[in-house]
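Look at the model, then read on.

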Amino acid sequence: EKSVVKIAVPPKMFIKEAIRERKEFNKELYEKIFNLTKKPKKILDLCCGLNPLYFPYKDIEYLASDIDNKALSKVKKYFKKSKINGKTFRLDINNTNELKTIREVDIVFIFKSLDIFKRNKKLIKDLLSNLNTKWIIVSFATKNIQGTRMNNPKRLWFIKTIKTLKLEYKFLRFHNEVFYIIKNKSREFTSFFNLLFQIIRF
């Protein structure tokens, strides 16, 4: 039987505070990420919330997904108003089979969303294994929902999961958030063989 985790939506004040904190280091964050991954042409943001509203680049195709229809509505209006090449759609990351149908993107964002799944290691492994991308950026808060700073915000359980999947990663730490820049090597080989197949065909 499929294991499904019911997602609890954090209080609005907590979401607003998290967004405000991200804005303080937004530009530096994405510069550091893109120095490692190269600037992407297309991004998929899973459990996006209102993250797309504060993304500093407007020349990158942005696919935003969430289960919160209100958040998606705000993001959709923002894309239209700001003339951003973006698309919103509802997606539950419990459904890893649905992720396989999404066309390849350069980077996938999963910001402050995986803590709730930490007891379901299989789901996280399936999620990371089925993303059609070369890079996966995962972040975690350094404070809990009560605002107390964590002693160990690195999430050792997540590092263990990454290592089990034999994925390479770089670690970035900011005052209020930690990031894992994960290289999806299997997708690199897939892209190479797809390109080789196209060359052979012609």
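Contact means heavy atoms within 4.5 Å. This is a predicted model: local features need pLDDT of at least 70, side-chain atom pairs count only at pLDDT 80 or more, and totals for chains, interfaces and linings use all residues. Residues are numbered from 1 along each chain as its sequence is written, and side-chain values use heavy atoms, with hydrogens and water left out.

Q: Which residues in H6 does H5 meet?
A: Helices are DSSP runs (H or I, at least four residues), numbered from the N terminus. H5 covers residues 121–130 and H6 residues 156–164. From H5 come Lys121, Ile124, Lys125 and Leu128; in H6 they meet Trp157, Phe158, Thr161 and Thr164.

Q: What is the volume of the largest cavity?
A: A cavity is a set of points on a 1 Å grid over the protein atoms alone where a 1.4 Å probe fits but cannot get out; lining residues have an atom within 4 Å of a point. The search finds two cavities of 30 Å³ or more. Leu44, Leu99 and Arg103 are among the lining residues of the largest cavity. Its volume is about 40 Å³.

Q: Which strands each supply at least two residues of the lining of the second largest pocket?
A: A pocket is an open set with protein on both sides within 12 Å along at least five of seven lines. The second largest pocket holds about 220 Å³. Of its 10 lining residues, the closest to its centre are Thr37, Lys38, Asp106, Lys134 and Trp135. The strands (E, at least two residues) are E4 (105–111) and E5 (133–141).

Definitions and conventions. Axes are lines fitted to C-alpha atoms, for helices over the stretch in contact, and angles run from 0 to 180 degrees between N-to-C directions. Grid points are joined across faces, edges and corners, and a volume is the space filled by probe spheres set on the points.
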